[in-house]
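Hi there,

Here is the structure I promised to send over. Have a look at it first, and my notes follow just below.

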Amino acid sequence: VQLQASGGGLVQAGGSLRLSCAASGRTFSSTDMGWFRQAPGKEREFVATIKWSGGGTYYADSVKGRFTISRDNARNTVYLQMSSLKPEDTAVYYCAAVKTYYSGSYYYRREVDYEYWGQGTQVTVSS
């Protein structure tokens, strides 16, 4: 699986952005997907994940209620809709694909669980 993230940019606090992650490879529809982010001087952190079927999602507390992860398996694309953005959301955002196919109910939140990573897209939120 190869991943290409896009949609980042500069936005004012309170604004919205939608990130996209296009995947190549026939296994996309059988793989849980996630978004992570890394702010300057900080470690990369989990943001959100979605089950392979699109039937379940899980969010970090810091983005819950503001961000929405979704996927379109017909287009091999996963999205991250970000609303009510804050300056602390400024980071490079990465999409990633889990190693396991057709996983069960567990939500993967650790970097080590993800095998494939996109190149990252910069999101900057000005105050």
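The lining of the largest pocket divides into eight charged, three polar and three nonpolar residues. Please keep in mind that this is a predicted model. The pocket has a volume of about 180 Å³, and of the 14 residues that line it, the closest to its centre are Arg37, Ala39, Lys42, Glu45 and Glu88.

Two of those names come up again in the salt bridges: Arg37 and Glu45 are linked with Arg66 and Asp89 in a network. Within it, the side chains of Asp89 and Arg66 meet at 2.8 Å, N to O. Asp89 sits in the loop between strand S8 (77–82) and strand S9 (91–101), and Arg66 in the loop between S6 and S7, so this pair ties together parts that are 23 residues apart in sequence. Both residues, Asp89 and Arg66, are buried.

The count comes to eight salt bridges. Another is Asp32 with Lys51, whose closest N and O atoms are 2.7 Å apart. This pair joins strand S4 (residues 31–38) to the loop between strand S5 (45–50) and strand S6 (57–59), so it ties together parts 19 residues apart in sequence. Asp32 and Lys51 are buried too.

Best wishes

Key: Residues are numbered from 1 along each chain as its sequence is written. This is a predicted model: local features need pLDDT of at least 70, side-chain atom pairs count only at pLDDT 80 or more; totals for chains, interfaces and linings use all residues. Side-chain values use heavy atoms; hydrogens and water are left out. On a 1 Å grid over the protein atoms alone, a cavity is a set of points where a 1.4 Å probe fits but cannot get out, and a pocket is an open set with protein on both sides within 12 Å along at least five of seven lines; lining residues have an atom within 4 Å of a point. Grid points are joined across faces, edges and corners, and a volume is the space filled by probe spheres set on the points. Ala, Val, Leu, Ile, Met, Phe, Trp, Tyr, Cys and Pro count as nonpolar, Asp, Glu, Lys and Arg as charged, and the others, Gly among them, as polar. A salt bridge is a side-chain nitrogen of Lys or Arg within 4 Å of a carboxyl oxygen of Asp or Glu. Helices (H or I, at least four residues) and strands (E, at least two) are DSSP runs, numbered from the N terminus. Buried means under 20% relative accessible area, exposed over 50%, partly exposed in between (1.4 Å probe, protein chains only).
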